Amino acid sequence: VLPGQVTPNGQLATLGVMGGGQLGRMFVQAAQAMGYFTAVLDPDPASPAGLVCHYHIQTPYEDEQGLAQLMQRCEAITTEFENVPAPALMTLAAHRPVAPGAQAVAIAQDRIAEKAHFAACAQAGGVGPAPYAVIETAAQLQAVPESLLPGILKTARLGYDGKGQARVASRAELAAAWAQMGQVPCVLEQRLALKDELSVIVARGADGQMVHFPPQRNIHRDGILAVTEVFDGHLPTALAQQAIAATQAIAEQLHYVGVLCVEYFVIDDGSPQGALVVNEMAPRPHNSGHYTLNACDVSQFELQVRAMAGLPLVAPRQHSPAVMLNLLGDLWFDADGRGRTLDWPAILALPGTHLHLYGKLSARPGRKMGHLNITGATAQQVRATAQQAAEILG
Ligand code: ADP
Ligand code: MG
């Protein structure tokens, strides 16, 4: 699908996305910059991507008419959140190129299938997941080895930003947490002492060509990404290289097309740099790659456009050290829960700050409202600016 191409029905080539959140919005903006028309399927009339696309189809994700409209409008289709029903993607894929494919999305949607995929990749010399057990039945709950406690119980499906998880220290707590979750399929993971967290974003084309961004160092608070840092020396080189190779293997073995992010833990194994453990993957651009909008010569969103449209993928070059600060809804409230006004002029007066707000009308604690990218000449400088910005944000 070439940019600016006029289709037989007299429209400009149109790229579609299932889901209208902030990731869809930034994808749409990247596609539009290259001259594509854009369509979003999302039931929410105020969805961040729906507000900025050319055609907003406001139906549920599995609505036949909605899917038919999306196919009719679009030359190629992608998704922006992993909980898009895989059957809807299969319907679309029968008529249009869909990237990533339904099968890869289905694996990423299900922690049980995802961990099995990671374990299979690890057998081929890759990086393995944390010790875990699958819990789908009362018998499996009983049989959980003691070594997994204290652990984290995670629902197999629909978890995000730390939701659908419970920390459990004993068998009694585990049983109570599973009951609380409605005894849905879960995995119990051993709780690891994390030295660090990182993620790697790759983009793979239908022809198998693959490019990657430098590994990102991520800091989470309450299970939600808070800060991403990417600059020389932020991670040991050997670990970074191992994470890139492992991510490439994971993408390769899924025959993945599009942008894929894989999250890793660094744990203490007695060595100075620590050891990698693979956590989870996201079959789409990722929050930890938002810095690429301002610090790289091609962003993760542009690579998604290129991959789905069958355009060349180029290796991204990071031209500035970067820190990304997530702007969660909590910032919109003071300690007493009253709404507060954020001092954007003071933030924007700091050199190298790039504000991205997602167009969400109402703030809620934990809701991702936007992010602040900080670029500068040196790692020291971006860190210092990030510190100043964090103080102003309060
Ligand atoms: P989500 O889908 O909500 O991102 P994750 O599995 O990535 O779920 O968990 C969110 C965060 O919780 C991780 O980034 C990490 O900080 C922490 N966490 C998750 N699993 C473990 C674990 N096994 N040991 C220690 N910390 C963990
Ligand atoms: Mg995660």
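Q: Which element gives the most to the lining of the second largest pocket?

A: Rolling a probe the size of a water molecule over the atoms shows where empty space is left. Here a pocket is an open set of points on a 1 Å grid over the protein atoms alone, where a 1.4 Å probe fits and protein lies on both sides within 12 Å along at least five of seven lines; lining residues have an atom within 4 Å of a point. Helix H12 gives the most, five residues. This is a predicted model, in which local features need pLDDT of at least 70 and side-chain atom pairs 80 or more, while totals for chains, interfaces and linings use all residues. Residues are numbered from 1 along each chain, chains are lettered from A and ligands numbered from 1 as written, and side-chain values use heavy atoms, without hydrogens and water.

Q: What volume does the second largest pocket have?

A: Its volume, the space filled by probe spheres set on the joined grid points, is about 530 Å³. Of its 21 lining residues, those closest to the centre include Arg 221 and Leu 325. S11, S12, S15 and H12 (379-393) each give two or more residues to the lining; helices (H or I, at least four residues) and strands (E, at least two) are DSSP runs, numbered from the N terminus.

Q: Is S12 mostly covered or uncovered?

A: Buried means under 20% relative accessible area, exposed over 50%, partly exposed in between (1.4 Å probe, protein chains only). In S12 (residues 224-230), seven of seven residues are buried.

Q: Which strand do five bridges join to S12?

A: Two strands pair if DSSP finds at least two bridges between them. Five join S11 to S12, antiparallel.
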